[in-house]
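Q: I have a complex open here and want to go through it piece by piece. Can you take some quick questions?

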Amino acid sequence: MNDVRYLVSGDCAVCVEFGNEISPEINRRICAFKIAVENAQIEGIVETVPTYRSLLVVYQPEIIRFGELTKTFDSLMDSMDQIPIPPPSVVEIPVLYGGEMGPDIETVASHNGKTVEEVIKIHTSGEYLIYMLGFIAGFPYLGGMSKEIATPRLKSPRVKIEGGSVGIAGEQTGIYPVASPGGWQLIGRTPLKLYDSEREKPVLLSAGQYIKFCPVTEDEYKKIEKQVAEGTYRCVTYDKEVE
Amino acid sequence: MMGIKIASGGFLTTIQDMGRFGYQETGMSVSGVMDQRSASLANILVGNEETEAVIEVTMMGPMIEFTKDNFVAVTGGDLGAKLDGKPMPRYEAVLVRAGQTLSFAGMFSGSRAYVAFAGGLAVPVIMGSKSTNLKSKLGGYEGRKLGTGDEIGFTAPRTWLPNQNKRKLEPEDFSAKELTLRVVMGPQDDCFTEKGIHTFLHSTYTISNEYDRMGCRMQGNIIEHKDGGDIITDGISFGAVQVPSHGNPIVMMADHQTTGGYTKIANVISVDLPKLAQCMPGFRIHFEKVSIEQAQTLYCTQKEEWRALQNALAAQAEPASDLQAVAVAAASNEDRLSWSPQGTYRVVVNGEEFIVDLERESVCFRPS
């Protein structure tokens with residue numbers, strides 16, 4: 001753990017840096033440290049923000065100062081191997097592919113010399129790691145998309161993209177949590193609400209989880225949409241198999 | 001709903017508290033007041049917790065009509081606060097009566113004023129905060145800036161506060177157009193050359209027109225990177241001095257995004273952020289390096305001063321007379337107290353009705 005750095009990030013936050021690249025291994029360590037910090041219930045910590053490379057820890061200097069906090073982190077780091085870290089969960093995201101929900105799926109197919117069916121098969125085959133959430137509330141930064149369906153962004157972005165839209169931009173795939181402008185190639189839409197300010201837990205996903213896209217029919221889409229609106233839908237979630 | 005009614009909204013008038021913490025990991029910005037010192041002092045003056053929601057007034061102020069009596073304090077920049085057209089004292093708890101109008105007429109110093117109301121504003125607490133998040137359209141008043149016709153209730157208005165004559169402070173001076181902001185270096189100061197760090201700490205930067213609640217762009221000598229201004233995205237703090245590849249600083253303010261992919265050379269310290277929050281385009285800025293220990297000592301000293309002020313204002317002497325005892329009972333039982341235009345209070349204590357005149361220090365029993 002010698003490579004971990006405590007970077008001053010103002011007088012009310014410290015950036016605990018684990019590396020300087022995008023990798024599942026670094027993400028796993030960040031998530032493990034986040035759990036360790038939460039379990040330790042250190043007085044004065046306000047919140048923690050995981051990103052690709054680091055965990056930002058926001059704290060109250062009137063309760064704990066920088067020196068004391070980083071000393072506490074040192075001892076946490078030493079004992080991290082003994083802290084049981086639950087296996088990451090996989091959240092299934094039902095998606096209605098193509099049609100008016102995914103107007104660019106044919107562009108993605110032809111750009112990569114594939115059929116629409118092949119694009120759906122490739123997009124739904126993998127489990128995508130949520131490295132972090134950011135940009136807007138509930139937007140997951142996902143890793144792990146196959147290069148076989150990589151497609152550049154639209155030349156001119158759409159003024160409005162519906163919330164729940166699933167798209168591809170370069171080698172990334174993502175889901176728009178709420179309606180917004182954007183230049184992603186849209187291949188489908190999920191009836192799930194990634195962000196709902198009225199909900200007890202407004203944001204559905206969290207960093208460190210995996211996403212698995214599952215194709216659904218129009219009828220299934222409408223049924224789930226209704227259940228989501230009524231608040232009766234339960235996400236299909238299971239532990240990720242250890243590789 | 002009795003409280004205030006907005007007769008006109010002004011340029012950008014929003015409800016803010018100290019921000020929405022606990023959700024940055026979901027991508028939700030913190031928001032909150034730009035100038036935490038002015039907002040905290042306004043709250044303390046009217047007997048609130050310093051973190052209570054206030055109205056943040058930006059440059060051109062609103063017109064606020066009162067539909068219920070309450071103690072109010074206006075702090076921050078001098079935007080020409082007026083009560084019924086007459087100058088309203090700043091940094092002082094003032095009892096405003098139903099029917100009176102608070103307005104703002106000008107920009108004399110600073111750019112943001114804060115209005116605190118005793119007992120706070122009755123807007124819903126969403127995800128732990130009353131702050132308006134303009135981008136996510138949530139919190140505050142319907143997730144937006146205030147406009148004509150909006151009505152906001154008071155939670156627990158007061159017409160009596162202990163130590164009323166002590167509830168005033170010397171206003172903070174925001175008249176300087178050239179100022180020094182102290183910073184702690186990091187988190188990515190190692191991405192800059194020695195020359196770049198020297199430039200940053202020894203130049204004058206001018207605030208550009210691109211200054212809003214998200215960030216404050218400045219222009220001046222180019223700060224040299226070792227290898228460009230892009231990094232793999234990480235977290236951002238209020239006051240972070242971001243330097244993208246163009247080499248000019250941008251200070252991240254209250255509505256800053258939670259994460260970003262640009263190098264951050266330093267962070268403005270908490271006690272100096274209010275000064276920047278009150279600046280205008282064209283103002284000139286110097287950055288001065290301090291240690292994290294110094295920054296946190298300054299932060300804690302300020303908190304201790306506020307705590308001492310709060311305690312001094314809340315302190316109540318033992319009642320010297322029955323009159324005072326009645327007045328104190330009345331104050332702690334506001335809903336059974338009413339005020340008459342003659343300056344007297346009608347108080348019901350243990351089912352008996354009293355008329356209290358605080359100025360004349362008289363109390364008379366009125367058999368029902």
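**Strands, helix and contact**

A: Strand S4 (residues 63-66) of chain B pairs with strand S9 (residues 101-104) of chain B in the antiparallel sense, over 2 bridges. Glu65(B) has Thr101(B) of S9(B) opposite. This is a predicted model.

Q: Which residue does Leu83(B) bridge to in S9(B)?

A: Its partner there is Leu102(B). Strand S6 (residues 81-83) of chain B is joined to S9(B) by 3 bridges, and the two run antiparallel.

Q: Predicted, then. What scores does the predictor give the complex?

A: An ipTM of 0.88 and a pTM of 0.88. For chain B, the average pLDDT is 91, with 86% of the residues at 70 or above.

Q: What does the secondary structure of chain B come to?

A: 5 helices and 25 strands. Chain B has 368 residues, and 48% of them count as buried. Of the contacts in chain B between residues at least 6 apart in sequence, 72% join residues at least 24 apart.

Q: What is the strand order in the open sheet of chain B?

A: The order is S2-S3-S10-S5-S8, 5 strands with antiparallel pairing. Strand S2 (14-16) and strand S8 (94-96) of chain B are the edge strands, each pairing on one side only. From one strand to the next, the twist averages 35°.

Q: How many bridges hold S3 and S10 of chain B together?

A: 4 bridges, in the antiparallel sense, between strand S3 (residues 54-58) and strand S10 (residues 109-117) of chain B. Glu56(B) has Tyr114(B) as its bridge partner in S10(B).

Q: And the barrel in chain B, how many strands does it have?

A: The closed barrel has 7 strands, running S13-S20-S17-S18-S15-S14-S21, and the pairing is mixed. Its twist averages 40° from one strand to the next. Val241(B) stands opposite Val251(B) in S18(B).

Q: Switching to chain A. How far does H1 reach?

A: Helix H1 (residues 24-40) of chain A has 17 residues and reaches 24 Å from its first C-alpha to its last, close to the 24 Å expected at 1.5 Å a residue. Gln41(A) follows H1(A) and has a positive phi, near 45°.

Q: Which residues of H1(A) are buried?

A: Ile26(A), Asn27(A), Arg29(A), Ile30(A), Cys31(A), Phe33(A) and Lys34(A). An α-helix has 3.6 residues a turn, so residues three or four places apart point the same way.

Q: What do the buried residues of H1(A) pack against?

A: Four strands of chain A are listed: strand S2 (13-17), strand S3 (45-50), strand S4 (54-59) and strand S6 (128-133).

Q: Where does S6(A) pair with S7(A), and how many bridges are there?

A: 4 bridges join S6(A) to S7(A), and they run antiparallel. Ile130(A) stands opposite Leu142(A) in S7(A). The hairpin has 6 residues between the strands, and in it Phe135(A) takes a positive phi near 75°.

Q: Which way do the residues of S7(A) point?

A: In strand S7 (residues 140-143) of chain A, Pro140(A) and Leu142(A) point one way, Tyr141(A) and Gly143(A) the other way, and all are buried. In a regular strand the side chains alternate between the two faces of the sheet.

Q: Now the contact between the chains. How many residues does it take from each?

A: 39 residues from chain A and 35 residues from chain B. On the side of chain A that touches chain B, the elements giving two or more residues are strand S1 (5-8), S2, S3, S4 and S6 of chain A. S3(A) gives the largest share of that side, 5 residues. By class, that side has 23 nonpolar, 10 polar and 6 charged residues.

Q: What does Thr51(A) touch?

A: Leaving out residues up to four places away in sequence, Thr51(A) touches Met132(A), Thr233(B), Asp234(B), Gly235(B) and Thr259(B). Thr51(A) sits in the loop between S3 and S4 of chain A.

Q: Why does Thr51(A) count as buried?

A: Because Thr51(A) has 28 C-beta neighbours inside 10 Å, and the cut-off for buried is 20 or more.

Notes
Residues numbered from 1 in each chain as written. Chains lettered and ligands numbered in written order. Predicted model: local features only at pLDDT ≥ 70, side-chain atom pairs only at ≥ 80, totals over all residues. Expected span 1.5 Å × (residues − 1). Buried ≥ 20, exposed ≤ 12 C-beta atoms within 10 Å, placed from the backbone. Contact = placed C-beta atoms within 7 Å. pLDDT = per-residue confidence, 0-100. Pairing = 2+ DSSP bridges. Axes fitted to C-alpha atoms, helices over the stretch in contact; angles between N-to-C directions. Nonpolar A, V, L, I, M, F, W, Y, C, P; charged D, E, K, R; others polar.
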